[in-house]
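Please look over the sequence and the structure shown here before reading on. The paragraphs after them give a guided reading.

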Amino acid sequence: MTAAREVAEAAERRDVRNRWYLTAPALIIIMLAAIGPLFIMVVYSFLGKGDYGGVTAAFSTDAWFGVLLERDIFDDTLGFADAHMIIFWRSVRLAGVTTILTLLLGFPTAYFITTRPEKQRDIWLFLVTIPFWTNLLIRTFAIQELIRRDGIINNVLTGLGIVDEPLQMLNTDFAIGLGMVYVYLPLMVLPIYASMEKLDFRMVEAGYDLYAGRLAVLRRIIIPLVKPGIIAGSILVFIPALGAYVAPALLGGGRNMMISNLISLQFGQGRNWPLGAALSITLMAIVMVALLVYVRNASRSSARAH
Amino acid sequence: MWQRGVAPLTAGNATCKLAAGFTSKNKTQDLILAGDRMVSAAAVEAKNVTKIFGVGQDGVRALDRVSVTIRENEFFTLLGPSGCGKTTLLRLIAGFDFPTEGEILLYGQDIAPLPPYKRPVNTVFQNYSLFPHMTVGQNIGFGLEMLGKPKAEVDARVTEMLRLVRMEELRNRKTSQISGGQQQRVALARALAPQPKVLLLDEPLSALDYKLRKDMQIELKRLQNETGITFIFVTHDQEEALTMSDRIAVMSKGHILQVGSPREIYDHPAERFVANFIGETNFLKGDVAGIAGGKADVRLAGGTAVAATLPEGFAPNGGVTVVIRPEHAQVAPAGGRATLNGTVENVVYFGTDTHIHLRLDEGGEFIVRQQNSRDRPVTVVQGDKAGVLIGDNVAQVLRD
Amino acid sequence: MAAATKPFIVNRMPGFGTMAIAVFLMLYLPISLLIIFSFNERESLAVWGGFSWRWYEAAWQNRDIKDAAFRSLWLAGFAATIATAAATLAAIATTRGKPFLGMTTVYAVINMPLMVPEIVTAVALLIFFAWIKVATGYTGAAYLVAAHAAFCVPFAYLPIRARLESMDATLEVAAADLYASPWQAFRRITLPLLWPGIIAGFMLAFVISLDDVVITEHIKSAGMETLPTYMLGQLRRSMSPEVNAVSAIFFLLSVVLVTFFFFLNRKK
């Protein structure tokens, strides 16, 4: 008896060991070139800033202070870092607006695809997926071309006489928002579609049968049952939008920065690596919180369904 | 005479009450049995309704010029095999789909322009379609909520309905946490709560096990009796149809083949399909010798003649097929008075009855069903020569 | 006497169809214009001057572009290969059999790059590699390969794992019953069936690597441009319609890959 069990246990231990060996390459690569460096960054955030970039070996909390506060150069008082505040607020605001707009546009789109006959649906999904797989830079660039002063929209508007002067659309918050909506729209459509596809439309029929009009059916039956998809889509849009780099870089010009541009600046002209590290960790923290809220919400709604 | 003005088609305006003070439907029963068909109002009328799915060559004719009148307060069943169009017709009445041609009238008014949420018609779905994100109570109250009833009224009605289907303690349970039979009752309560004029039931009992189904059949019949709501019931189970219905419409391949009371359908099937679909039947070929007073004198292949009833408006001559139910014939000694003669092929004991399978002398099979009673036991055995005695008026001539 | 009014269709929501079509048009309008104007005779990006291949020719002659394109391609190839190989092994280890201690951690680590904002990874790597550069003096391409391989792993992992999970686990048991060793079972049964998933994972990783701009931009050494970083540089300064032509080609590549991907999924 025990001999057999020993053999079985040895085999199991060997199996587990083998599995660790198998996952090792992936783990090593990721630890080295993705996660490990994060810890180094934490360390750096507590160091002093070097004169030409880089860090000094001295411990300092200046960086963390610098995230939110700044010392007034004239009277040396501590006040809120207005420039940073504006950037944080812009990032949160734009990410929020992007999420809402993609939701308003993406929900009917997902619904449309779901209500196509089976054979057609693949084609529509295909059409949504192509922009999704197209280079982010190209997509953002396409928007830039559209809204520049000498771009197509302005040409049409001035040509038709609707406006006298070309509109200033580029290098504004509007441009960044537009770019992000354009880029992240497929990320909202696909999760909502995944949820809607599972919706039993007989329940919609039951709703109509019981005197619910179109709006009531939407509000009371369709949306509640598709909520997991809506939440997933919202997270999938909000988080990347919050940390967006390319859209504000190309569409906002140098002035309308978002958090990621601010971070990037610290490692370039700003020459404040510790501050950059601190800002990065702050961004990560916000993202983690958002993810946590999502995971808690997702598990709670699936628990409710059972 | 029932008066029916142009009543506004809102569900709140029903003449039926629940729980207390039910409108009795007995008056209607008497009138129907008296054969006075014009008396009670038509609740639902289909006029030459055709429904084609798809286009052109691939089009499927789910319903083909179907016309039927369903009366107020009756328990009407659409019976047929899957694909016959019964569910399609139900969905057209509910409003989930629209007829390609033809009209559907509700109390005389064309309901084509009305979407489902404006029709005082409610449906019990085959898979119940309960809203999973709402409790039992919320499901039941949903229709009334949508109609804008005040909360107090909705709550009161929900309590009433829960008592009606005996599920008071499950009010706050999520619908995913109750059993199939309970879900079925919730679906029923949900559809009855807004007091519709017509209740549509789409094979609601098909997912239940035997005992539960039998119980629910009695429940449904009782409910229909008490509330006086017109029930339109769809099923493929002929036994269900026979036990519950006031009238049955037998359907096949998009056509209504025959409409009548269970007894009429069973005893006097007009079409081969109807005869075959419902119960067991014997088919015999014969020639019409003469027609007198609505009955035909049919000379059977064996030589003897039987008096057979004719379907309405059918006056054939020449070759016909007649049908005879196994329990309407008797085994008799060969020769003599026997209508047909043959050899006993098989005697099958069924507990309550015995089926005697005979091979007729002139070819073909005949089954006689005899109840196993003490004083008149079955005496024939396999191999015996025996005869079949067919009385007058038990044979029915088929339209085809 | 058919109904003269509009029939009620259950799953139609008023306005949704129009909005959806508008969305689809909006999704393709900017890119379509971009592609159209890549064939513009004139340098303008708004005024049409006639059809011409000139920008494509210019792009073809441009050494910087060719350099960057080449680098992008081999970088993506290397990174995707490494990532797919590692992901395949990891997927096999984490999908079959009993969950072992620490498996959830492994799963979390593998999927981490998906959850961390790109800029954060970018600067973290910047710091880390800067430190290594100082310590060893190496400024080669290995940094790029390592970084790309790392963030490509989760993208390769997910399709492979999905494919593995949808595969019938009893097939391997049947193989074992028929005297196959684990390696043989893997080679003859699992691998062939897993192949579409591996290819899907590789393609996804390849595209993700090609696409990357944020991380590459921050960790690249001087002169090591990939196509996206080159384009970013161009777009920040003057505009050159060659970038249009390059974008159009890039887009075509995406279409080809997505089509391939879709057919791969369909065959399943």
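Predicted model: local features only at pLDDT ≥ 70, side-chain atom pairs only at ≥ 80, totals over all residues.

Residues are numbered from 1 along each chain as its sequence is written, while chains are lettered from A and ligands numbered from 1 in the order in which they are written.

Chain B has nine helices and 20 strands; here helices (H or I, at least four residues) and strands (E, at least two) are DSSP runs, numbered from the N terminus. Of its 400 residues, 42% count as buried. A residue is buried if 20 or more other C-beta atoms lie within 10 Å of its own, exposed if 12 or fewer, and partly exposed in between, with C-beta atoms placed from the backbone. Among the contacts in chain B with a separation of 6 or more, 67% are between residues 24 or more positions apart. Two residues are in contact if their C-beta atoms, placed from the backbone, lie within 7 Å.

Five strands of chain B form an open sheet with antiparallel pairing, in the order β15-β19-β16-β17-β18. Its edge strands, each pairing on one side only, are β15 (329-333) and β18 (365-371) of chain B. From one strand to the next the twist averages 45°, where axes are lines fitted to C-alpha atoms (for helices over the stretch in contact) and angles run from 0 to 180 degrees between N-to-C directions. Two strands pair if DSSP finds at least two bridges between them.

The sheet can be followed pair by pair. β15(B) pairs with strand β19 (residues 385-390) of chain B over five antiparallel bridges, and A329(B) has I390(B) in β19(B) as its bridge partner. Strand β16 (residues 340-349) of chain B joins β19(B) through four antiparallel bridges, with T343(B) opposite K385(B). Between strand β17 (residues 353-360) of chain B and β18(B) there are seven bridges, again antiparallel; there H355(B) stands opposite R369(B).

In chain A, the domain assignment gives domain 1 (1-38) and domain 2 (79-305); such bounds come from an automatic or database domain assignment. The C-alpha centres of domain 1 and domain 2 of chain A lie 40 Å apart.

Helix α8 (residues 201-209) of chain A has seven of its nine residues buried, so it is largely enclosed by the rest of the structure. The buried residues of α8(A) include E205(A) and D209(A) as well as M203(A) and V204(A). Their cover includes α9 (214-242) of chain A, and also α2 (86-94) and β6 (121-124) of chain B. After α8(A) comes Y211(A), with a positive phi near 70°.

Where chain A meets chain C, 71 residues of chain A are in contact with 70 residues of chain C. Helix α1 (residues 2-45) of chain A supplies the largest share of the chain A side, 19 residues. That side divides into 50 nonpolar, 14 polar and seven charged residues. Ala, Val, Leu, Ile, Met, Phe, Trp, Tyr, Cys and Pro count as nonpolar, Asp, Glu, Lys and Arg as charged, and the others, Gly among them, as polar.

The largest nonpolar core has 265 residues, and those with the most contacts inside it include I232(B), A83(C) and A205(C). Helix α7 (residues 173-197) of chain A gives the most to this core, 16 residues. A nonpolar core is a set of buried Ala, Val, Leu, Ile, Met, Phe, Trp, Tyr and Cys residues joined through C-beta atoms within 7 Å. Leaving aside residues up to four places away in sequence, A83(C) touches A149(C), C152(C), V153(C), A156(C) and A205(C).
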